[in-house]
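Let me put the sequence and the model up, and then we can walk through the fold together.

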Amino acid sequence: MTGVNLHQIPICTTFEPPPGFEVERVIGPCWGITVRSRSVIGTACAGCQTFFGGEITMMTELANDARNEAMNRLEMQARHLGANAILAMRFDSGELMQSTNEIVAYGTAVVLRPLAR
């Protein structure tokens with residue numbers, strides 16, 4: 001399974017900036033999207049796991065990899081827009097067609113500055 005990615009800018013799920021920073025400028029919405037499909041073999045193997053119960057590890061790995069990719073693309077778009085942070089990051093997903101899912105990471109691209117001391 002893919003581990004947690006390290007990002008070059010803060011990506012926060014909070015609406016407030018991290019401690020020690022303030023929002024200098026709000027750039028606006030940004031997002032990263034990936035569309036993933038489940039292979040026939042992967043779906044068959046996952047089906048076997050559902051027969052025995054417990055976690056479906058192949059699907060967990062697929063979901064984790066898709067979210068990591070969406071976050072990477074979110075970060076790339078925010079940096080392209082001139083942001084140095086993302087606030088209020090969320091995930092959304094939906095089925096586009098049978099066995100194909102869209103995963104979106106979205107948030108607000110902002111420019112942060114350190115608080116004056």
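Let's begin at the hairpin: β2 and β3 form one, with two residues between the strands, and Ser99 in that turn has a positive phi of about 65°. When I say strand or helix, I mean DSSP runs numbered from the N terminus, E of at least two residues for strands and H or I of at least four for helices. Overall, β2 and β3 pair in the antiparallel sense over ten bridges; strands count as paired if DSSP finds at least two bridges between them.

A quick word on where this comes from. It is a predicted model, in which local features need pLDDT of at least 70 and side-chain atom pairs count only at pLDDT 80 or more, while totals for chains, interfaces and linings use all residues. Residues are numbered from 1 along each chain as its sequence is written, and side-chain values use heavy atoms, with hydrogens and water left out.

Now the sheet. β3 has another pairing, with β1, antiparallel over 15 bridges. Within it, Arg25 has Val111 of β3 as its bridge partner. Put together, that gives an open sheet of three strands in the order β1-β3-β2, with antiparallel pairing. β1 and β2 are at the edges with a single partner strand each, so one side of each has no neighbour in the sheet. From one strand to the next, the twist averages 15°; axes here are lines fitted to C-alpha atoms, for helices over the stretch in contact, and angles run from 0 to 180 degrees between N-to-C directions.

Stepping back to the whole protein chain, there are two helices and three strands, and from the N terminus on the elements run β-α-α-β-β. Of its 117 residues, 26% count as buried, where buried means under 20% relative accessible area, exposed over 50% and partly exposed in between, with a 1.4 Å probe and protein chains only. Among contacts between residues at least 6 apart in sequence, 75% join residues at least 24 apart; a contact is heavy atoms within 4.5 Å.

Side chains next. The charged end of Arg67 sits over the ring of Phe91, 5.8 Å from its centre; the test is NZ of Lys or CZ of Arg within 6 Å of the ring centre and within 35 degrees of the ring normal.

Just after α2, Gly82 takes a positive phi of about 100°. Ala83 then lies in the loop between α2 and β2. Is Ala83 buried or exposed? Ala83 is buried, at a relative accessible area of 8%. Leaving aside residues up to four places away in sequence, Ala83 touches Ile27, Ala78, Ala109, Val110 and Val111. Ala83 and Gly28 are 55 residues apart in sequence, yet their C-alpha atoms are 9.3 Å apart in space.

Ala88 is in strand β2 and is buried, with a relative accessible area of 11%.

Finally, the tail. Arg117 is found in the segment after β3 and is exposed, with a relative accessible area of 95%. Arg117 and Gly20 are 97 residues apart along the chain, and their C-alpha atoms are separated by 9.5 Å.

That's my tour, so over to you for questions.
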